[in-house]
Amino acid sequence: KLNSAKWISTLLIVKHFGISLLTRACGDPKAKPSYLVDKNLESAVKFIVRKFPAVETRNNNQQLAQLQKEKSEILKNLALYYFTFVDVMEFKTVNFDLTKNYLDLVVTYTTLMTILSRIEERKAIIGLYNYAHEMTHGASDREYPRLGQMIVDYENPLKKMMEEFVPHGKVRYALISLHMVYPRRNLSADQWRNAQLLSLISAPSTMLNPAQSDTMPCEYLSLDTMEKWIVFGFILCHAVLNSDAAALTLWKLALQSSTCLCLFRDEVFHIHKAAEDLMQMCSMHRERRKFLRSALKELATVLADQPGLLGPKALFVFMALSFARDEIIWLLRHADNIQKKSTDDFIDKHIAELIFYMEELRAHVRKYGPVMQRYYVQYLSGFDAVVLNELVQNLSVCPEDESIIMSSFVNTMTSLSVKQGKPLPLAYTSVSKASLGIADHKELGKMMNTIIFHTKMVDSLVEMLVETSDLSIFCFYSRAFEKMFQQCLELPSQSRHSICFPLLCTHFMSCTHELCPEERHHIGDRSLSLCNMFLDEMAKQARNLITDICTEQCTLSDQLLPKHCAKTISQAVNKKSKKATGKKGEPEREKPGVESMRKNRLLVTNLDKLHTALSELCFSINYVPNLAVWEHTFTPREYLTSHLEIRFTKSIVGMTMYNQATQEIAKPSELLTSVRAYMTVLQSIENYVTIDITRVFNNVLLQQTQHLDSHGEPTITSLYTNWYLETLLRQVSNGHIAYFPAMKAFVNLPTENELTFNAEEYSDISEMRSLSELLGPYGMKFLSESLMWHISSQVAELKKLVVENMEVLTQMRTSFDKPDHMAALFKKLTCNYTVLKRMTIIGVILSFRSLAQEALRDVLSCHIPFLVSSVEDFKDHIPRETDMKVAMNVYELSSAAGLPCEIDPALVVALSSQKKNISPEEEYKIACLLMVFVAVSLPTLASNVMSQYSPAIEGHCNNIHCLAKAINQIAAALFTIHKGSIEDRLKEFLALASSSLLKIGQETDKMTTRNRESVYLLLDMIVQESPFLTMDLLESCFPYVLLRNAYHAVYKQSISANA
């Protein structure tokens, strides 16, 4: 017979060993040995199962031939599974000496044998392993005969265990001892409510009194555990039910509480197939959960405000956690295993709230653990030690051994102090060495129970949390777990508690066992995947709500756009003049702001509902800064930030409403209004969640200034760049749109085919400023680079035309003072019109760029005025003798700020990047001849009917006024690249152009000279545009009186045309 100390130690070891066997027996079904599903071995496995356990291996070579080849691998891979069954057999042998004294071992033993009978492959695994062992070693495994017999005997485990437990009827005494505890724990919600259970504020005068009980460990003992003791104990020792009324009462109560019990993890034991009182049972548990929700909420609220109460009321906290845990597990177990049930019987849409308050209480215990430890250290030394000492002194008979042990207890507790830090744990089991009967000294037993609880509050808070509130069982009910989460998100009032589901994933690793390490990775991965999925879904839900709010706000902002006030102004004007407008019965358009006017507070708009739902969900996301799951840290707010970045990116691009087929796109000003409305909503999210929304703006808006975002998708920069280049400027080249310098905008011209868009609405000052706000300096730089690429391609074509006419142009360059010779050479030129057309296109592009640069400068001057003024001052004070490379760096800086430069750095870069297949000298010559070609071709413009100058727009309808900008910018860029004198080359151009234009003054053909005066004005525009030419220089080449007369003529012609 074991002595007391060894008996206690053995009992704990065997219990621990039994749990490890259950863990291994209930492993992942997906990790089934491959040999059991191998088609090649199927016939051999079936033969072994059929003949089990007496498999004749020697005379069945034909059926088992395939196993001969695999015997060594089978022996190696099935060893773990085989010896698990052997361990079960050994556990069964030891258990006969222990189960009669310990109810947990009875349950563990019963559970293990029941689960063993449910393993379908048990015979195949044992038979295959034994066959491989016999073929390898020449004999069966020594444990095989006993193991095989056990498998056969336990085909019906309950029947076999009932026979075995006949000699162990004393288990009934341990079960009957529950008759004072179990009925008190298994009460209805109304009884709990009437007793004001778990309430700290029901009796304010006793709020600081420590919570006490004669049976403190039983107060938070799992109800599920007690029910398993009762059900399995009385099934095995059923004879006592006929002779003991207390036993029959316990049995009936347990049957009425549940229809199935948890064996291990998601394995259940059905108590009775058809539950007559199922509906009553469901109602009872539903009311319990309802009561616990309010009780735990009150408890968590009070403790959050007064955490010092965690000391005296720690028992209430662990009772609350245990009660809630039992009800949650009951619901989970029955919802997944009861087939015949009403739809709503096992659906609790408020279960998340109960779990949330459990997590809140757990958080309080973890956070204020030092407060509780300090309280109970003082309690043990100042009260428990004194009472225990008095009880020991009052013992009538106290043997020497008991006296030494009790004195040791008292001395250890008395010596405890807060300054010691963590006190030394007491040796709880030392009393087992004594022969002092606890039954004869009940007060001493109660006091020892109380002391054990108090020492646990000092040493084992984490273990107590696991014991009373571990919900790792959800790991094995993934489908039900996910369904509960979805129901929580669907109900706005419950979404604030949705964070409890990711928090539950932190429990999962507590269900692992050190003797079964192979499942740690599987359970860890499951916890990570579920936590990730929950947080991702929460962030998606919040993102969708935010998107809906943004859509509503964008609609409201759209109502305030200037275009919508036209109708209101028209109605006001017509009303003043008493003109009838509109159709009769036409409803009056609601003015912006009507949505904010409410007749009563009960009126709830869609926007109100969205804000309410968002605030609830954001509370959940903001509840914890991070979660630690299996050595991984999750940050819920980062999930929301990530989703907001992705959705904001997609929304900005979507709000451009770009249609590639019809080439339609939103006006920049309207997009900017929508983006600002969107950003205002996103900024308000900081009121709900502690996230850096500025970081979202920076990440998203900076990506939108690039050609592609981080996902390789088009941005608003690329969309608007393509639209302005391929749609607006292409229509300018086609003659459908003209640039009006007076309006600083591109305007549609009256044509046969009307355009689908109004160019002015996309290119005026306000729209270009809006575009600059949206694209920023980086985006505008990309726009400029794209424009310069188009100019570069035009220049490349111009150079080809120069090469074709090089000989003639070379002669014309030196013969500008010989009119007759120039006339003869001019007739030899080809493609004059094409040269001017391409130069006009370049001018149009440069004019558009100047609008964009001016808008950028205006925007930056508002945002960073001091920096812009510094850059401008730096540019204006570059010494003339400065090295060109240094000057170009300054120009590049200035251009990035939207400031105009004498030499356009972007154009220089674009033209210098062209492929050069000829020598630099030849390139320089081509550049000079290009200017000659343009100069001598200008007179041909006079014959074009569209070349007429319009004073109203300060330009020509065919955009030839843009030639001034093109000539100056191209000349400056080309001669900067080739290190020539820009001023000399422009003087040469001016001389050639003046000579050519003076020649048309002598023409008599009216068709050729119809718009001569309008073309004359180009010379004035070129000089006005150029930083290198002066009016004095022009006067020396072209009489100013001609310019004055030309201006007079075009203005007179304009007045007569208007008349």
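A charge sits over a ring if NZ of Lys or CZ of Arg is within 6 Å of the ring centre and within 35 degrees of the ring normal. The model shown here is predicted: local features need pLDDT of at least 70, side-chain atom pairs count only at pLDDT 80 or more, and totals for chains, interfaces and linings use all residues. Residues are numbered from 1 along each chain as its sequence is written, and side-chain values use heavy atoms, with hydrogens and water left out.

**View 1. Charges over rings.** The charged end of Arg496 sits over the ring of Phe619. Its distance from the ring centre is 3.9 Å. Lys313 lies over the face of Phe316. Here the distance to the ring centre is 5.5 Å.

**View 2. Helix α22 and its cover.** Helices (H or I, at least four residues) and strands (E, at least two) are DSSP runs, numbered from the N terminus. Helix α22 covers residues 478–490, 13 residues in total. The expected span of a helix is 1.5 Å times one less than its number of residues. For α22 that gives 18 Å, and the end C-alpha atoms are 18 Å apart, so the two agree. Buried means under 20% relative accessible area, exposed over 50%, and partly exposed in between (1.4 Å probe, protein chains only). Buried residues of α22 are Ala480, Phe481, Met484, Phe485, Gln487, Cys488 and Leu489. Their cover includes α16 (314–337), α17 (351–367), α23 (500–504), α24 (520–559) and α26 (606–621).

**View 3. Aromatic pairs.** A pair of aromatic rings is described by the distance of the centres and the angle of the planes. Rings of Phe, Tyr and Trp (its six-membered ring) pair if their centres lie within 6.5 Å; planes under 30 degrees apart count as stacked, over 60 as edge-to-face and the rest as tilted. A search of the whole structure finds 30 aromatic pairs. One of them joins Tyr220 and Phe453, with centres 5.7 Å apart and planes at 40°, so this pair is tilted. Tyr220 lies in the loop between α12 (216–219) and α13 (223–236), and Phe453 in helix α20 (residues 442–459), so the pair ties together parts 233 residues apart in sequence. Both Tyr220 and Phe453 are buried. The rings of Tyr1016 and Phe1038 have centres 5.2 Å apart and planes at 65°, so this pair is edge-to-face. Tyr1016 and Phe1038 are both buried too. Ring pairs also link a cluster: Tyr720, Trp723, Tyr724, Tyr739, Phe746, Phe757, Tyr762 and Phe848.

**View 4. Asn958 in its loop.** Asn958 lies in the loop between β8 (955–956) and α40 (963–977). Its relative accessibility is 17%, so Asn958 counts as buried. Contact means heavy atoms within 4.5 Å. Leaving aside neighbours within four places in sequence, Asn958 is in contact with Thr840, Asn944, Met946 and Ser947. A polar contact is a pair of N or O atoms within 3.5 Å; within protein, one must be able to donate a hydrogen and the other to accept it, and residues adjacent in sequence count only if both atoms are side-chain atoms. The side chains of Asn958 and Ser947 make such a contact, at 3.1 Å.

**View 5. Gly233 in helix α13.** Gly233 has its place in helix α13. With a relative accessible area of 1%, Gly233 is buried. Leaving aside neighbours within four places in sequence, Gly233 is in contact with Leu175 and Lys228. Trp251 is 18 residues away along the chain, and the C-alpha atoms of Gly233 and Trp251 are separated by 9.7 Å.
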